[in-house]
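Have the sequence and the 3D view ready as you read.

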Amino acid sequence: MEIKFTKVMLTILILLGFFSVAYSATDDKYNYAKLTETLLNQDPDSVEPGNYVELRFKIEKEGNDELTSIQYELVPEYPFSFDGSDSAIKTLNDWIGTSDDKEYYTLYYKLKVDEDALEGTYELKLYQTSANTPNKKEIKFDVRVEEKKSPELIVGKVITTPSKLIADYDEALIKVEIVNVGDETAEQVIVDMVLPQDFEESFGYSTRVNLGSIEAGESKYAEFYVYW
């Protein structure tokens, strides 16, 4: 009986050793740390020159090892810049363990687009570092800029009262339609009429009209009072 008991104990010890090695190997498989960055969206998409664009990244972690002093730096290149409303460097908390569907960081940036930027797709670079990883990681992504919208004003109908202007008439009213055929609101529209020879203003500034704003596709009438 003593010999059999010894064999059983030996078999159990061997099995325990096997499971210990297997568990250790499985555990080591996750002893690393890796971050992945995904550009969730740019808002607006695409952005007009002169406006701001907001960028949001989803940051996820793989592996059980801890990352400390995680830092991201966005390096803007023309036509993008920081104008004081945001900063290039963002610092994350220390992070241990693997992400799941609910555990991730949202990285946010706000950039200004130059007024004279041309339409196109521009590449930007985001850099990631941490205290316990030696290398700086470079992430490239694209931001889309659309053609700049602008107002375009033209002269539409011209109406006079009386309908036929004659010499020595006391006063005439000239109504000029100003049409915005562009794709953006025209703001602070001021219209000046340059009078031909023999015409004069009926009163001071009667040939200057402030129309305010004219929406894209809309029109307003400027009224001028003259005599000759």
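Phenylalanine 80 has valine 113 in S6 as its bridge partner. This is a predicted model, in which local features need pLDDT of at least 70 and side-chain atom pairs count only at pLDDT 80 or more, while totals for chains, interfaces and linings use all residues. Residues are numbered from 1 along each chain as its sequence is written, and side-chain values use heavy atoms, with hydrogens and water left out.

S4 and S6 pair in the antiparallel sense over two bridges; two strands pair if DSSP finds at least two bridges between them. Strands here are DSSP runs of E with at least two residues, helices are runs of H or I with at least four, and both are numbered from the N terminus. In general, strands of a sheet pair through backbone hydrogen bonds, either parallel or antiparallel. S4 and S6 belong to an open sheet of four strands in the order S1-S2-S6-S4, with antiparallel pairing. At its edges sit strand S1 (34-43) and S4, each pairing on one side only.

Back to phenylalanine 80, which is buried at a relative accessible area of 4% (buried means under 20%, exposed over 50%, partly exposed in between, with a 1.4 Å probe and protein chains only). What does its ring do? Phenylalanine 80 forms an edge-to-face aromatic pair with tyrosine 122, 5.9 Å centre to centre and 90° between the planes. Rings of Phe, Tyr and Trp (its six-membered ring) pair if their centres lie within 6.5 Å; planes under 30 degrees apart are stacked, over 60 edge-to-face, and the rest tilted. Phenylalanine 80 is in strand S4 (residues 80-81) and tyrosine 122 in strand S7 (residues 120-130), so the pair ties together parts 42 residues apart in sequence.

Next come phenylalanine 82 and tyrosine 109: their ring centres are 6.2 Å apart and their planes at 55°, so this pair is tilted. It links phenylalanine 82, in the loop between S4 and strand S5 (89-91), with tyrosine 109 in strand S6 (residues 105-113), 27 residues away. Phenylalanine 82 is partly exposed at 22% relative accessible area, whereas tyrosine 109 is buried at 0%.

And the chain as a whole?
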